[in-house]
Structure formats: structure tokens, C-alpha cells
Amino acid sequence: GISPSWPGWFCHMLKNPYTIQKQPLHQFVQRPLFPLPAAFCNPVRYMFIQTQDTPNPNSLKFIPGKPVLETRTMDFPTPAAAFRSPLARQLFRIEGVKSVFFGPDFITVTKENEELDWNLLKPDIYATIMDFFASGLPLVTEETPSGEAGSEEDDEVVAMIKELLDTRIRPTVQEDGGDVIYKGFEDGIVQLKLQGSCTSCPSSIITLKNGIQNMLQFYIPEVEGVEQVCQYYMTV
């Protein structure tokens, strides 16, 4: 006989492992009383989008929690410049949106003026971003040359400027929802273009002079100054 005590039962189980019968797997699967709507099964449609303030009160950084452009950036200062991006075109259709900027993992939207309330704009921006990622459409349908990549014709000074911008300066500026693009180097002056939240930021001049210029001059003695290049687009 088997002792009802715990040690005896345990020893008997070791001698005869088939004492405990296996139960059908379906008995342990609990099915929901009501089937979930199909929309809840789509994680993209209900993605969680975070927002982050920038130094520019008119610009807000939207973080969808997934890659946007991954390793590069793209600026859309006007609706005419958004012809190559379906998402940018949709965002410009929201009343009050002045410009759009894509970063590696964020989207910066700039409103037209301070009088516009972000609480009124954000619901439409959230919905537009979620609908786009759920659609599966490409973020960019037409590529344009950026003109910022290094080339074999770059001399040593220009190569150092670009490397310093890419490794030390641009990541910091992108944290604030913007970017800085190299445009040229002539007579000791580095020409840069600010994008995203930095375009109309009240502190953009301070960023150029006290931040970027000081760092470039510290590491590269050939740099005498920094100036911003403004690039305008014709609207249609």
C-alpha cells in the first residue's frame, strides 16, 4: 500500500511517474467570453505616441516609438516641399501646421504662431501619424540629394568639420527636434542650415554662435566663424 503521508506519496511518484495523468491541453486554455474587435489586434493603429517639448515653443517633437528615417533627417519647411512624402502632405493638411521635420526616430511639427493651442492640434496630429503607419505606405516616395555626404574632393579641414558635425553636434541638435546641415566652407566661414524646431527658434542664433561655432573653433583652428544659410521654397 501507499502511505498517505507526503514522503511516501513522493517516493511512489518517482517509482511510477505515470501515476499523474496528463490532461488535454485545451482544458487549460481559457477562451475570452467576447472576441476582441479587430482594431485592438492591430498594434500599429493604437501605437503609443509620446511628445517632447523643444526649445522652440512653436515646435513639438512627436515620438512614435518606431523608426522614422532611422539614420538621416528630412526637412519640409513648406507644403510645396512635402510632395515627396505622403505623411508630410497629410500633416500639412491640418490647419495651423507651418512645417514638418523627420528625424531618425521622431517627427517635429511646427505650428504657425504661439496663439494656436497645442491641445487643439495634437489630436489631429496623433491620428494622422497613426493612420499613416497603419497604412503601410512608404514614408518617402521620391529621394532628393542631400548634398551633405562626404566626398573624395573634401579637403582635410572640410572632412574634419563634417565629422565633428555628425558625431558631436547633430545628435545634440536632434535631441531638441531639429538638425543642422553642412552647406559649405569658404574664407574660414562654415555655412550651415538649421532645420526642424531650430528654424524659427528664438535661441537659434545662440545655438549657432555659443554652441556650434565655439566647438568648431576649439577643435578646428581654421574655422573663423559660422553663418546660417536660409533656403526658401516657392509655394504653389
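I began just past helix H4, where glycine 177 takes a positive phi of about 85°. I keep in mind that this model is predicted.

Next I went back along H4 itself. The helix covers residues 156-175, and at 1.5 Å a residue its 20 residues should span 28 Å. I found its end C-alpha atoms 28 Å apart, which agrees. At the start of H4, I saw a side-chain oxygen of aspartate 155 reach to within 3.3 Å of the backbone nitrogen of valine 157. Further along, I noted a kink of about 45° at isoleucine 169, shortly before proline 171.

Then I looked for charged pairs. How many salt bridges does the structure hold? I counted three.

Two of my entries share arginine 170. Arginine 170 pairs with aspartate 166, closest N and O atoms 3.1 Å apart, and both sit in H4, four residues apart, about one turn of the helix. A handy reminder for me: an α-helix has 3.6 residues a turn, so residues three or four places apart point the same way. Arginine 170 also bridges to aspartate 179, with the closest N and O atoms at 2.7 Å. These shared partners join Asp166, Arg170 and Asp179 into one network.

Which of them are buried? I call arginine 170 buried because its relative accessible area is 11%, under 20%. Aspartate 179 is buried too, at 0%, whereas aspartate 166 is partly exposed at 43%.

My last entry is lysine 193, which forms a salt bridge with aspartate 75, closest N and O atoms 3.6 Å apart. Lysine 193 lies in strand S7 and aspartate 75 in strand S3, so the pair ties together parts 118 residues apart in sequence. Both residues are buried.

Conventions:
Residues are numbered from 1 along each chain as its sequence is written. This is a predicted model: local features need pLDDT of at least 70, side-chain atom pairs count only at pLDDT 80 or more; totals for chains, interfaces and linings use all residues. Side-chain values use heavy atoms; hydrogens and water are left out. Helices (H or I, at least four residues) and strands (E, at least two) are DSSP runs, numbered from the N terminus. The expected span of a helix is 1.5 Å times one less than its number of residues. The bend at a residue is the angle between axes fitted to the seven residues ending there and the seven starting there. A polar contact is a pair of N or O atoms within 3.5 Å; within protein, one must be able to donate a hydrogen and the other to accept it, and residues adjacent in sequence count only if both atoms are side-chain atoms. A salt bridge is a side-chain nitrogen of Lys or Arg within 4 Å of a carboxyl oxygen of Asp or Glu. Buried means under 20% relative accessible area, exposed over 50%, partly exposed in between (1.4 Å probe, protein chains only).
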